[in-house]
Amino acid sequence: RDCLLSRGLGDVYKRQPMPLSIDRKRKEQAVIANTKFSDHHNLILEKVRESALSVLPILVIVVLLCFSVSPIDTDLFLSFLVGAIFVVVGMGLFSLGAETSMTPIGTKLGTAMTKSRSLPLIIIVSFILGFAVTIAEPDLQVLAQTVPHINNTVLLVTVGVGVGFFLCVCMIRILTGVRLRWLLIAFYAVVFILAAFSKPDFLGIAFDSGGVTTGPMTVPFILALGVGVSKIRSDAKAESDSFGLVALCSIGPILAVLLLGFFYPNGDGVVDISSAAYSSTGEIGHAYLTALPSYMKEMAVALLPIIAIFYIFQIFSLRLSKREVARITIGVAYTYVGLVLFLTGVNVGFSSLGAVLGAKLAEGNMKYLLIPLSMLLGWFIISAEPAVAVLEKQIEEVSAGAIPGKVIKYSLSVAIAAAMGISMIRVITGISVMWFLVPGYLIAIILSFFVPDIYTAIAFDSGGVASGPMTATFMLQFMIGASKTLGGDPLSDAFGVVAIVAMMPLISIQAVGVIYERRRKPAEKGETFADDEIIELWEVQTG
């Protein structure tokens with residue numbers, strides 16, 4: 001049996017928790033590495049198709065609403081359609097760029113730091129990388145431009161420092177093997193103590209900041225960096241401990257923004273949902289062309305530190321081949337162009353329509369449609385999210401196929417639909433977000449004592465999957481528009497939707513883990529094998 005297990009043939013008998021998403025990423029990287037430059041258009045088309053599937057459900061629902069119960073101005077609707085094209089193409093290019101550049105850079109830098117065996121170097125570089133990759137996160141850029149009473153740069157720097165500090169904590173955890181559960185309990189205790197004394201206008205924004213930082217830019221980079229650093233350990237749990245990085249890094253922004261609230265002067269900013277009016281199609285085109293240079297400059301500044309660190313390591317440590325460096329450089333170009341297109345489409349087309357649509361549906365008796373409509377949007381948003389497929393495969397690997405991918409998909413769909421419904425209830429009633437976050441995280445922490453550590457790590461990491469670009473862009477604006485029409489305060493009522501969306505998978509994934517563990521233990525007790533007994537693999541599999 002030991003021989004079979006060591007050769008990997010006994011996986012049907014005993015499966016060690018292995019992060020399949022990392023294996024899948026490696027395979028994808030190998031495919032991309034062997035792809036000719038002339039074939040890159042096929043990869044681009046595939047990524048654009050995936051992003052189109054992610055945006056399509058919202059697009060269909062919005063079109064149906066605009067043609068029926070909530071008609072809007074034609075120019076705003078046309079601007080939204082143009083923005084949808086920008087978002088789809090931008091997300092596709094960005095996703096391809098992240099796989100061909102950000103993930104390899106993270107893995108290479110993590111391995112290089114490991115070889116140095118220098119803890120100060122690991123800490124310093126981890127902080128710089130965590131700060132830099134957070135600043136370039138598209139979801140955070142959108143949130144920073146939405147918040148009215150905090151300067152954009154101040155919020156970006158604050159969140160970046162929080163992620164950078166906690167990425168250092170993650171590296172120390174990987175090197176020392178400290179259990180994730182105790183770190184989560186300790187840090188979330190500090191979070192909620194600070195939240196009890198925080199300003200109401202900073203609560204929702206702080207927790208939303210933790211949700212948006214675990215986006216498509218940060219997650220693959222941080223996971224790859226963790227895998228690279230985990231190679232310094234040779235024990236069986238080293239690779240599994242590389243999970244949980246996203247969970248810890250999402251705490252950093254919450255703490256940082258809560259602390260900022262104690263020192264930042266009271267602002268008089270008001271959330272504005274006014275939309276631009278266009279008298280012709282030429283003005284719509286001019287609006288997009290005017291916005292492009294601004295985001296080109298912002299994204300160039302955001303990506304520069306990451307690229308600079310990579311090339312410094314390339315000169316002194318990595319020494320990759322010219323072909324590999326060229327491939328990563330092209331991936332950086334994809335990432336840059338994708339980010340620019342995505343942010344332009346979101347801010348010019350998506351945000352305005354989301355806010356206006358929410359405001360119109362909140363008028364009169366139509367407001368009773370807000371809760372079921374929000375839940376419907378939540379169901380389709382998470383169902384079409386490309387990253388959910390990776391999470392499904394990961395859970396299947398951890399459970400040795402005992403938990404089907406459909407179970408994970410439906411559990412996430414139910415969780416995010418419930419999160420959207422809860423968020424809209426907050427908008428309508430004005431209930432503080434803490435009445436949901438405190439018991440929600442308490443339940444998640446309690447569940448962590450009843451499932452293996454790998455489930456806890458994956459559950460807390462999965463918040464980054466759920467709180468994707470559509471939540472931070474369209475749904476947040478939708479909540480803001482409804483709150484303004486209902487006479488509420490968007491800063492305390494609408495903000496917090498990303499936080500609730502990021503919290504619900506912590507409960508749903510661990511709940512699935514509890515069910516799996518209760519089924520697995522009786523099965524293990526039912527059949528035992530002697531050390532010298534020959535095990536027929538087909539009998540184990542069918543049993």
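Predicted model: local features only at pLDDT ≥ 70, side-chain atom pairs only at ≥ 80, totals over all residues.
Guide: Residues are numbered from 1 along each chain as its sequence is written, and side-chain values use heavy atoms, without hydrogens and water.

Visitor: Why is Arg319 called exposed?

Guide: Exposed means over 50% relative accessible area, buried means under 20%, and partly exposed lies in between (1.4 Å probe, protein chains only). Arg319 has 59%, so Arg319 is exposed. Arg319 sits in the loop between helix H14 (281-318) and helix H15 (322-361). Helices here are DSSP runs of H or I with at least four residues, numbered from the N terminus. Arg319 also has a positive phi of about 55°, although it is not a glycine.

Visitor: Why does Asp489 count as partly exposed?

Guide: Its relative accessible area is 34%, so Asp489 is partly exposed. Asp489 is in the loop between helix H22 (469-485) and helix H23 (490-493). Asp489 and Val427 are 62 residues apart in sequence, yet 8.5 Å apart in space, C-alpha to C-alpha.

Visitor: Why are H4 and H5 called roughly antiparallel?

Guide: Two packed helices are described by the angle between their axes and the distance between the axes. Axes are lines fitted to C-alpha atoms over the stretch in contact, and angles run from 0 to 180 degrees between N-to-C directions. Angles under 35 degrees count as roughly parallel, over 145 as roughly antiparallel, 65 to 115 as roughly perpendicular, and the rest as oblique. Helix H4 (residues 74-116) and H5 pack at about 160°, with axes 9 Å apart. H4 and H5 are therefore roughly antiparallel.

Visitor: What makes H4 and H15 roughly antiparallel?

Guide: Their axes cross at roughly 150° and come within 5 Å. H4 and H15 are therefore roughly antiparallel to each other.

Visitor: Which hand does each crossing have?

Guide: A crossing is left-handed if the near helix is turned anticlockwise from the far one by less than a right angle, and right-handed if clockwise. The H4 and H5 crossing is right-handed. The H4 and H15 crossing is left-handed.

Visitor: Which residues make the nonpolar surface patch?

Guide: Ile124, Phe127, Ile128, Val157, Val161 and Phe165 make this patch of about 490 Å². Helix H5 (119-135) and helix H7 (152-176) each give two or more residues to the patch.

Visitor: How do you know that Phe127 is partly exposed?

Guide: Phe127 has 30% relative accessibility, so Phe127 counts as partly exposed. Phe127 lies in helix H5.

Note on methods
Patch = residues over 30% accessible without salt bridge, like charges linked within 9 Å, V, L, I, M, F, W, Y side chains within 5 Å. Areas by Shrake-Rupley, 256 points an atom, 1.4 Å probe, with all protein chains shown as cover. Salt bridge = Lys/Arg side-chain N within 4 Å of Asp/Glu carboxyl O.
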